Amino acid sequence: MAEVNHTLVTEFFLVAFTEHPEWGLPLYLVFLSFYLTTLLGNAGMILLIHKDRRLHTPMYFFLSHLAFVDICYSSVIVPQMLAVLWEHGLAISQAHCATQFFLFTFFASIDCYLLAIMAYDRYVAVCQPLLYVTIMTEKARVGLVAGAYVAGFASGFIRTVTAFTLSFCGNNEIDFIFCDLPPLLKLTCGDSYTQEVVIVVFAIFVMPACILVILVSYLFIIVAVMRMRSAGGRAKTFSTCTSHLTAVALFFGTLIFMYLRDNSGQSSEGDRVVSVLYTVVTPMLNPLIYSLRNKEVKEAVMKFLSRSKVSRRP
């Protein structure tokens, strides 16, 4: 049999939505507006939590870190995606691709852990209100967030090292908006079984583990809420929890679709649409979700705006 000559790839060429080149400029403007909204919304949420003393609680401490991670998470992907759309393709080195892949996995993992921590926080607040202050101390809050960052770093490091021990050869075109594992596996010229196992292990020990914590926490919350005699108390608790559950559904729903399925024979265009949801849309919507459905945040916003108007008067 004749030997196949494989040319090792040292750089990748990112392309996106090449089937519809006329979409380039409209998509660029849409994603740019989404990105600016993400930056303003999440930075505004962090500023609001910092300025308003009523929001100096464990729940908003975790929410401020979620907003910070969403800014970083989106900033890893969107500026490069805008460059791909503007230039109709972008060449990047393998080191650049690995760095982006690590940062994306790092921040996405932290997002998963923070959402699980926030569900646990709601469980303690609703089901053990008398012990809430003693359980959710400042030391405990900092420890939980630090643990999320450390675990996120470990997830990103292990997956990046495993992925980039592969040999990439032949075609160097990535028909995707950033360097993610599913499209990278399509460019390998060797056995990628180990790397595919890493995807499954990441999916089992990060996403479902976090989802399990969230589901168990909310199961206890629902039982506790149904036992409440006050209709107003039930409504207030459900309103707070609904915001968090909406963010959970948006984030985990798209990640599960992307990673917990067979990637063979799937549409690249469909994958790109899903990836836009969890890298562009979800970080943009989180501040809106938590502000529109949360009375405390809305009151803090109105207070901040009224102060701004007063300070502007001569």
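## Disulfide and basis of the model

Cys97 and Cys179 form a disulfide, with 2.1 Å between their sulfur atoms; a disulfide is here a pair of cysteine sulfur atoms within 2.5 Å. Cys97 belongs to helix H3 (residues 94-127), whereas Cys179 sits in the loop between strand E3 (173-175) and helix H6 (181-185), so the pair ties together parts that are 82 residues apart in sequence. Helices (H or I, at least four residues) and strands (E, at least two) are DSSP runs, numbered from the N terminus. The torsion about the S-S bond of Cys97 and Cys179 is about -125 degrees, so the disulfide is left-handed.

The model is predicted: local features need pLDDT of at least 70, side-chain atom pairs count only at pLDDT 80 or more, and totals for chains, interfaces and linings use all residues. Residues are numbered from 1 along each chain as its sequence is written, and side-chain values use heavy atoms, with hydrogens and water left out.

## Burial of the cysteines

Cys97 is buried at a relative accessible area of 0%, and Cys179 is buried with a value of 0%. The term buried means under 20% relative accessible area, exposed means over 50%, and partly exposed lies in between (1.4 Å probe, protein chains only).

Which cysteine sulfur is closest to that of Cys210? It is the sulfur of Cys112, at 5.3 Å, which is too far for a bond. Cys210 counts as buried, at 4% relative accessibility. Cys72 is also buried, with a relative accessible area of 17%.

## Segments from the record

An unreviewed UniProt entry places the feature "transmembrane region" at residues 27-49, 61-86, 98-120, 140-158, 197-225, 237-260 and 272-292. The positions are given in the numbering used here, feature names are shortened, and annotations may be inferred rather than shown by experiment.

In the model, residues 27-49 are 100% helix and 0% strand, and the end C-alpha atoms of this span lie 33 Å apart. For residues 98-120, the end C-alpha atoms lie 33 Å apart and the span is 100% helix and 0% strand.

The 26 residues of H5 should span 38 Å at 1.5 Å a residue, and its end C-alpha atoms are 37 Å apart, which agrees; the expected span is 1.5 Å times one less than the number of residues. Among the buried residues of H5 are Arg141, Gly152, Gly156 and Arg159.

Phe157 lies in this helix (residues 138-163) and is partly exposed, with a relative accessible area of 47%. Together with Phe153, Ile158 and Val161, Phe157 forms a nonpolar surface patch of about 390 Å² accessible area.

## Salt bridges

Side chains of opposite charge can pair when their charged atoms come close. The count comes to two salt bridges, each requiring a side-chain nitrogen of Lys or Arg within 4 Å of a carboxyl oxygen of Asp or Glu.

Arg54 pairs with Asp52 in a salt bridge, the closest N and O atoms being 3.2 Å apart. Arg54 is partly exposed, with a relative accessible area of 42%, whereas Asp52 is buried at 8%. In the salt bridge between Asp121 and Arg122, the closest N and O atoms are 3.0 Å apart. Asp121 and Arg122 are both buried.

How values were computed: Patch = residues over 30% accessible without salt bridge, like charges linked within 9 Å, V, L, I, M, F, W, Y side chains within 5 Å. Areas by Shrake-Rupley, 256 points an atom, 1.4 Å probe, with all protein chains shown as cover.
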